[in-house]
Amino acid sequence: MQQIRLGNTGLQVSRICLGMMSYGSPDWRDWVLDLDASRPLVRAAVDAGITFFDTADMYSLGASEEVTGTLLRECFADREDYVLATKVFMPMSDRPNAGGLSRKHVLASIDASLRRLGTDHVDLYQIHRWDPGTPIEETMEALHDVVRAGKARYIGASSMYAWQFAKAQHTADLGGWTRFVSMQDHYNLIYREEEREMHPLCLDQGVGVIPWSPLARGRLTRLPEQATTTRAGSDPIADRMYGEADDAVVRAVAEVAKARDLPMARVALAWMLHRETVTAPIVGATRAGHIEDAVAAVDVELGDDEIAALEAPYVPHPVLGHT
């Protein structure tokens, strides 16, 4: 597995990041795997060379962090051998201060996440979204204090407008606080709006891009008429984000994949790995084949004509994924 620097930091991460949302408690979502069902998949990822793992406090309402911490301790003898990321923002309950990016919630959440993960620090602590109800100065200073306390090595952000991200970085500079080193955004062959503003900003500022939903929640892995998975069959978010207009992109992936005798997932991920701004796509896996395709995609070389064929059917989208 290739290793790559996260943005302009010295931190090395695997070219594929394993998304841990699929592991936790099926009580949260019926497609989520429990500890025992997750174990062979995480072990397969580790055996394949993946060293970068991303979770969030709200996945399975904390159970994902518990499963993540348990399995990574089983798979790695040394904490320094893997890169662990988690996130804060989404509500963890209906209590008034159980969500958002206030100083109170950020500082309480990092401690709760560390307890669930069973570690004294995370390598990357990310804000899960922009919080319009909290001054960005309050958030950035709180995150800086998390880093100064040794509870996080770096901080990152997730889906937001480019002007918001630029404002956060400028605020950090003004306060002498820690800057974000990564952007976890919604990006794939079907949704490329991040190329307009966010990705040029990240490239200019040396920020690593670690996209979520690189396979468009499974849409890029099968033809529109093929049977859906359990998750896709009950995924209202995907229904809101993608539509029939995107089928042409899916068919282009299928054509390139057929010509290369490759699974569609490998082609779609290989395209993303060719993008200059992308550090490591975050890939979810509920079957061993998902990991195999993700790892194999790293070594798939696409020609200019193939990339052009994949990109040609794209249609513009409204901004999706910021809320």
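Author: Start with a word we will need throughout: a residue is called buried if its relative accessible area is under 20%, exposed if it is over 50%, and partly exposed in between. Keep in mind that this is a predicted model.

Reader: Which residues of helix 8 are buried?

Author: In helix 8, the buried residues are D247, V249, V250, A252, V253, A254, V256 and A257. Among the elements that cover them are helix 9 (264–273) and helix 11 (304–311).

Reader: How many residues does helix 8 have, and what span does it reach?

Author: Helix 8 runs over residues 247–260, which is 14 residues. From the first C-alpha to the last it reaches 20 Å, close to the 20 Å expected at 1.5 Å a residue. After helix 8 comes D261, with a positive phi near 55°.

Reader: Now the charged side chains. How many salt bridges does a search of the whole structure find?

Author: The search finds 17 salt bridges. To call a pair a salt bridge, we need a side-chain nitrogen of Lys or Arg within 4 Å of a carboxyl oxygen of Asp or Glu. R260 and E306 form one of them, at 2.9 Å from N to O. R260 belongs to helix 8 and E306 to helix 11, so this pair ties together parts that are 46 residues apart in sequence.

Reader: Are R260 and E306 buried or partly exposed?

Author: R260 is partly exposed, at 31% relative accessibility. E306 is buried, at 15%. There is also a network: salt bridges with shared partners join R192, E195, R275 and E311.

Reader: Which residue forms a salt bridge with K87?

Author: The partner of K87 is D54, and their closest N and O atoms are 2.7 Å apart. Because K87 lies in strand 5 and D54 in strand 4, the pair ties together parts that are 33 residues apart in sequence. Both K87 and D54 are buried.

Reader: How should I read a pair of aromatic rings?

Author: Such a pair is described by the distance of the centres and the angle of the planes. This structure holds seven aromatic pairs. In the pair of F53 and F76, the ring centres are 6.0 Å apart and the planes stand at 75°, so the pair is edge-to-face.

Reader: Which residue lies over the face of W28?

Author: R29 lies there, at 4.1 Å from the ring centre of W28. Another case is R192, which lies over the face of Y314 at 5.1 Å from the ring centre.

Reader: Last, the cysteines. How many disulfides does a search of the whole structure find?

Author: The search finds zero disulfides. For C17, the nearest cysteine sulfur is that of C75, 15 Å away.

How values were computed:
Residues numbered from 1 in each chain as written. Predicted model: local features only at pLDDT ≥ 70, side-chain atom pairs only at ≥ 80, totals over all residues. Heavy atoms only, no water. Phe/Tyr/Trp six-rings, centres within 6.5 Å; stacked < 30°, edge-to-face > 60°. Lys NZ or Arg CZ within 6 Å of the ring centre and 35° of its normal. Helix = DSSP H or I, 4+ residues; strand = E, 2+ residues; numbered from the N terminus. Expected span 1.5 Å × (residues − 1). Buried < 20%, exposed > 50% of the residue type's maximum accessible area, 1.4 Å probe, protein only. Contact = heavy atoms within 4.5 Å. Disulfide = S-S within 2.5 Å.
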